Amino acid sequence: MKKLTELLLKKILVLDGAMGTMIQRHKLEENDFRNESLKDHEKSLKGNNDLLSITRPDIIKEIHAQYFEAGADIAETNTFSGTTIAQADYGLEDLVYELNYQSAKIAREAADEFTKNEPDKPRFVAGAMGPTNRTASLSPDVNDPGFRAITFEELRVAYKQQAEALIEGGVDMLLVETVFDTLNAKAALFAIDEIKEQRKIDIPVMVSGTITDASGRTLSGQTTEAFLISIQHMDLLSVGLNCALGAAQLRPYLKVLADKSDFLVSAHPNAGLPNEFGQYDETPEMMADQIKEFLEEGLVNIIGGCCGTTPEHIAAIAKLAQGYSPRSLAYSPQFLVDSQQ
């Protein structure tokens with residue numbers, strides 16, 4: 001952790017890009033998502049990208065390596081849907097520990113190999129914890145606004161299992177990302193705090209919300225500032241925004257965080273907005289040109305890419321980030337004080 005925080009004070013760190021976009025390049029079929037133990041599984045598994053950490057670890061490691069080669073400092077584990085809640089759609093709740101552990105192990109191996117070859121540029125691993133496919137704050141039934149498809153306790157248990165496996169697999173930090181419902185994120189943060197207390201460990205935690213439309217609110221209705229206020233009592237490494245919007249659309253909400261947050265600030269936007277076919281058209285040059293505004297205004301400490309981004313996008317962003325200083329902090333948060341003692 002000390003090395004990580006030392007670097008964050010000196011430079012803008014680069015997060016990797018989209019995992020799903022890269023997996024799509026491989027044109028995988030159902031058999032790629034199955035191994036011997038899953039050959040007779042009754043449900044279709046195609047599209048369960050997290051499962052590839054078990055059935056096609058070669059592909060996942062190659063993708064991590066491509067992003068590190070492009071200049072990324074931090075790789076996210078292939079665990080966006082790595083909870084029992086999300087994996088229930090595939091009937092794979094029993095594989096959640098192995099899925100997260102193996103994902104962390106693969107990313108750790110890739111990071112260590114690059115660090116060994118370039119010791120002056122250490123690589124790190126962030127354990128990705130996605131929002132799940134349920135919301136604790138909203139009813140999925142318009143006829144019953146009081147109904148909830150998931151409880152805080154169910155989320156806490158699921159997130160705790162995921163976080164423990166990621167930690168045991170060797171991640172450097174945890175990233176609670178694409179937060180569309182802050183109550184879901186609070187369950188994840190509560191679970192992480194439990195682990196930290198029980199294991200007597202101090203692992204850095206990043207939180208990244210998602211603004212879902214032009215109103216500047218999360219799906220559960222919070223403004224960016226409200227989202228920040230809801231989580232700022234936690235001991236966080238960073239708070240940020242990702243997904244849903246491209247860099248240009250994300251900038252005003254990112255500025256709110258930069259102006260009001262006492263934490264480091266991260267951003268990993270999409271490569272623009274999807275076209276009518278669901279594809280992302282922004283080139284690496286176009287995206288880097290927009291992100292240049294983030295850097296010129298000193299809005300971020302960690303920058304990367306989300307949906308539609310590739311190693312080419314990350315290479316352009318990493319090259320650009322080298323010429324700028326990270327966002328300055330008004331005072332040293334507790335995680336920086338602790339790391340320097």
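1. **Basis.** The model is predicted: local features need pLDDT of at least 70, side-chain atom pairs count only at pLDDT 80 or more, and totals for chains, interfaces and linings use all residues. Residues are numbered from 1 along each chain as its sequence is written, and side-chain values use heavy atoms, with hydrogens and water left out.

2. **Salt bridges overall.** The whole structure holds 23 salt bridges. The criterion is a side-chain nitrogen of Lys or Arg within 4 Å of a carboxyl oxygen of Asp or Glu. Glu 153, Arg 156, Lys 160 and Glu 194 are joined in a network of such bridges.

3. **Asp 73 and Lys 11.** These two side chains form a salt bridge, at 3.7 Å from N to O. Lys 11 sits in the loop between helix H1 (2–10) and S1, and Asp 73 in the loop between H4 and strand S2 (74–76), so the pair ties together parts 62 residues apart in sequence. Helices (H or I, at least four residues) and strands (E, at least two) are DSSP runs, numbered from the N terminus. Asp 73 is buried, at 2% relative accessible area. Lys 11 is partly exposed, at 28%. The cut-offs are under 20% for buried and over 50% for exposed, with partly exposed in between (1.4 Å probe, protein chains only).

4. **Asp 73 and Lys 121.** Asp 73 also meets Lys 121 in a salt bridge, at 2.8 Å from N to O. Lys 121 lies in the loop between H6 and strand S3 (124–129), and Asp 73 in the loop between H4 and S2, so this pair ties together parts 48 residues apart in sequence.

5. **Glu 109 and Lys 61.** The closest N and O atoms of this salt bridge are 3.6 Å apart. Glu 109 lies in helix H6 (residues 96–117) and Lys 61 in helix H4, so the bridge ties together parts that are 48 residues apart in sequence. Glu 109 is partly exposed, at 33% relative accessible area. Lys 61 is partly exposed, at 25%.

6. **His 64.** Helix H4 also holds His 64. This residue is buried, at 0% relative accessibility. What does His 64 touch, leaving aside its neighbours within four places in sequence? Its contacts (heavy atoms within 4.5 Å) are Asp 16, Met 19, Ala 75, Glu 76, Thr 77, Ile 106, Ala 107 and Ala 110. For Thr 77, the separation from His 64 is 13 residues in sequence and 8.7 Å in space, C-alpha to C-alpha.

7. **Aromatic pairs.** There are 3 aromatic pairs in the structure. The rings of Phe 68 and Phe 114 have centres 5.5 Å apart and planes at 45°, so this pair is tilted. Phe 68 is in helix H4 and Phe 114 in helix H6, so the pair ties together parts 46 residues apart in sequence. Phe 68 is buried, at 1% relative accessible area, and Phe 114 is buried, at 13%. For Phe 152 and Phe 190, the centres are 6.1 Å apart and the planes at 70°, so the pair is edge-to-face. Phe 152 belongs to helix H7 (residues 152–169) and Phe 190 to helix H8 (residues 182–199), so parts 38 residues apart in sequence are tied together. Phe 152 is partly exposed, at 31%, and Phe 190 is partly exposed, at 43%. Rings of Phe, Tyr and Trp (its six-membered ring) pair if their centres lie within 6.5 Å; planes under 30 degrees apart are stacked, over 60 edge-to-face, and the rest tilted.

8. **Helix H12.** In H12 (residues 311–321), the buried residues are Pro 311, His 313, Ile 314, Ile 317, Ala 318, Leu 320 and Ala 321. They pack against strand S1 (13–14), helix H2 (19–24), helix H4 (57–70), helix H11 (284–296) and strand S8 (302–303).

9. **Largest pocket.** Its volume is about 770 Å³. A pocket here is an open set of points on a 1 Å grid where a 1.4 Å probe fits, with protein on both sides within 12 Å along at least five of seven lines; lining residues have an atom within 4 Å of a point. The lining counts 38 residues, with Ala 18, Met 19, Gly 20, Thr 21 and Cys 307 nearest the centre. H2 gives the most, with 5 residues. H2, strand S4 (173–179) and strand S6 (238–246) each supply at least two. By class, the lining has 12 nonpolar, 20 polar and 6 charged residues. Ala, Val, Leu, Ile, Met, Phe, Trp, Tyr, Cys and Pro count as nonpolar, Asp, Glu, Lys and Arg as charged, and the others, Gly among them, as polar.

Definitions and conventions:
Points joined across faces, edges and corners; volume = space filled by probe spheres on them.
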